[in-house]
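Let us take a walk through a protein model together. Keep the picture turning as you read, and look for each place as we come to it.

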Amino acid sequence: MGKAWKFGHDIDTDVIIPARYLNRSEPEHLAAHCMEDADASFAQNVQKGDIIVGGKNFGCGSSREHAPLAIKAAGIKAVIAENYGRIFFRNALNIGMPILECPEAVEGIESGDQVDVNLINGTIENFTKGTTFKAKPFPAFMQELIKAGGLIPYVKENKKDA
Amino acid sequence: MGMTISEKILAAHAGLDKVRPGEIINAKLDLVLANDVTGPVAIKEFSKLGIDRVYDQEKIALVPDHFTPNKDIASAEQSKILRDFVKKQQIKHFWETGRVGIEHCLLPEQGVVLPGDLIIGADSHTCTYGAVGAFATGVGSTDCAAGMATGEAWFRVPESLKFVFNGTKFQPWVSGKDLILYLIGKIGVDGARYKVMEFTGQGIRSLSMDNRLTMCNMAIEAGAKAGIIEPDEITLRYVKERAKREYKLYKSDLDASYENIFEFNSEDIPLQVAFPHLPENTKPVDEASGIKIDQVVIGSCTNGRLEDLEITANILKGKKIHPEIRCLIFPGTQDIYLEALRKGWIETMIEAGAAVSTPTCGPCLGGHMGILAKGERALSTTNRNFVGRMGHPQSEVYLCNPAVAAASAIKGEIVHPKEVVKNG
């Protein structure tokens with residue numbers, strides 16, 4: 001269980017991790033500046049297991065994988081959004097950063113609510129409000145990617161089969 | 001039912017006769033690209049795969065263009081990771097400072113991207129190459145790493161949206177930049193999410209390659225997976241003199257299926273300005289006139305090409321940049337820079353009081369070479385005006401075409417070019 005950090009629509013990757021910090025790529029460096037231009041207190045106050053809740057088109061903009069890397073290294077357990085920018089979506093799956101699509105949960109969660117997600121069955125629970133939501137399941141191929149732990153382990157496994 | 005140009009390219013690279021939107025395919029890549037920000041992360045992921053060699057040294061391009069010439073020790077280290085990898089793997093397409101340009105200006109210019117190619121790039125503006133009739137899409141570093149290792153990537157076949165511009169007559173000063181800003185304003189920053197934007201009609205057919213590259217470049221700003229334009233005579237003239245390998249021209253079938261078709265009269269589109277903090281906040285330039293600015297940026301992978309510099313020089317000729325304005329101009333590549341120099345345009349710019357820089361992504365992403373202070377406002381020919389994009393989180397970026405940018409640099413506030421150029 002963790003605290004929900006709620007953001008609005010079209011949260012772009014420049015806000016998730018500003019380019020002025022992209023001269024380095026160590027995850028802990030990125031985590032220290034995660035969400036800085038949307039909420040300067042985020043990086044200091046985020047706790048392991050917390051959840052980010054975004055609106056539509058979360059992670060739009062640049063292809064920087066530093067964005068999901070920053071979120072993951074900040075200790076965020078999962079991102080819940082109405083939907084995602086295409087490259088961010090792909091990057092998150094590829095690096096094993098859990099993301100869920102669930103407009104109802106976005107509607108039903110406020111900043112500060114105590115929330116948990118079950119990454120196996122896609123259940124989202126809001127303990128503060130006593131409500132439960134179900135995220136949209138991923139297509140079969142993407143589930144395999146997630147199960148493998150991301151693209152690199154997936155490619156390694158499939159290379160062995162070849 | 002027939003296929004779109006995008007579906008044909010994807011099918012051909014997946015070894016399939018037909019593909020349909022929604023299908024997930026594995027396809028062979030003609031080029032994998034990364035830069036000095038995304039490349040080092042990709043190289044780190046590549047090293048985890050336990051593969052010694054990249055799949056093909058000739059099909060990888062590594063372009064140090066973002067924080068170069070390196071702005072600090074950390075960014076110098078990133079470039080060095082790229083350089084060391086290039087040496088070790090004997091990567092063919094790599095350019096050092098002095099030869100390098102902004103990747104999406106450089107690769108089409110050098111004939112590295114060609115019609116019919118399937119390309120992934122660890123840079124969101126990889127979609128630029130749709131202008132030569134390639135299917136090109138932005139990915140992250142891990143996809144890039146897997147692509148460098150295997151020469152393949154998975155794709156969900158995207159739905160296509162068709163944007164038809166009827167008529168070859170445009171309003172004065174209107175360019176590809178205005179058309180794409182107008183479209184983003186119409187459909188929103190997620191209006192083409194996961195989809196292809198296919199641009200067509202007589203209006204598009206009449207556009208130069210520089211304008212087409214600008215249009216496809218910003219498809220990502222509507223969330224698109226790719227922007228694409230069917231190759232025609234103009235495309236062929238551009239690629240013929242550049243290509244050093246074979247290429248294939250694909251066209252959409254007449255009975256191809258589109259999720260939606262949007263039609264416009266070319267003549268109806270006014271000059272556009274996108275207000276902070278999203279590219280979809282577009283308005284006709286007249287509604288922005290009088291907004292005071294501190295800095296003007298002309299260049300980038302969106303508008304750093306020869307025609308953009310020509311328009312800029314024509315407007316600046318014999319005039320002076322407003323005393324309170326910093327006007328920064330970034331040619332997209334060294335060839336573009338040199339040509340502009342030979343034509344006398346660089347001289348015109350410097351005489352007008354502009355700063356002209358070696359090619360770099362620099363200020364577009366708030367990297368270096370022109371960062372904004374708190375409360376400052378830039379008018380820029382770049383592609384994004386997100387919060388903090390060019391500097392302080394409380395600075396602002398307005399987007400426009402080079403003519404509006406150059407005219408506004410003279411006036412010190414956003415203006416229609418006709419305010420500066422007589423008979424314009």
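Is A:Asp10 buried or exposed? A:Asp10 counts as buried, since its relative accessible area is 9%; buried means under 20% relative accessible area, exposed means over 50%, and partly exposed lies in between, with a 1.4 Å probe and protein chains only. Before going further, note that this is a predicted model, in which local features need pLDDT of at least 70 and side-chain atom pairs count only at pLDDT 80 or more, while totals for chains, interfaces and linings use all residues. Residues are numbered from 1 along each chain as its sequence is written, chains are lettered from A and ligands numbered from 1 in the order in which they are written, and side-chain values use heavy atoms, with hydrogens and water left out.

You will find A:Asp10 in the loop between β1 (2-6) and α1 of chain A. Helices (H or I, at least four residues) and strands (E, at least two) are DSSP runs, numbered from the N terminus. The phi of A:Asp10 is near 55°, a positive value in a residue other than glycine. Most residues other than glycine have a negative phi, and most peptide bonds are trans. B:Trp173 sits in the loop between β8 (160-166) and α6 (176-187) of chain B, and is partly exposed at a relative accessible area of 25%.

Now for the peptide bonds. The one from B:Thr68 to B:Pro69 is cis, with omega near -15°, and B:Pro69 belongs to the loop between β3 (60-63) and α3 (73-89) of chain B. Another cis bond links B:Pro276 and B:His277, with omega about 0°; look for B:His277 in the loop between β12 (272-274) and β13 (282-284) of chain B.

Staying in chain B, find helix α2 (residues 39-47), where seven of the nine residues are buried. Among them are B:Val41, B:Ile43 and B:Phe46.

Next, see where the two chains meet. The contact (heavy atoms within 4.5 Å) takes 39 residues from chain A and 48 residues from chain B. Together the chains bury about 3,700 Å², 59% of it on carbon and sulfur atoms; buried area is the accessible area (1.4 Å probe) that two parts lose on being put together, summed over both. The rule finds three salt bridges across this interface, a salt bridge being a side-chain nitrogen of Lys or Arg within 4 Å of a carboxyl oxygen of Asp or Glu. A:Lys56 forms one with B:Asp190, and their closest N and O atoms are 3.4 Å apart. On the side of chain A that touches chain B, several helices each supply at least two residues, including α4 (66-73) and α7 (140-148). The most comes from α5(A), with seven residues.

Finally, what about the cysteines? A disulfide is a covalent bond between the sulfur atoms of two cysteines. With a cut-off of 2.5 Å between the sulfur atoms, the count over all chains is zero. B:Cys400 is in no disulfide either, the nearest cysteine sulfur being that of B:Cys327, 11 Å away. B:Cys400 is buried too, with a relative accessible area of 0%.
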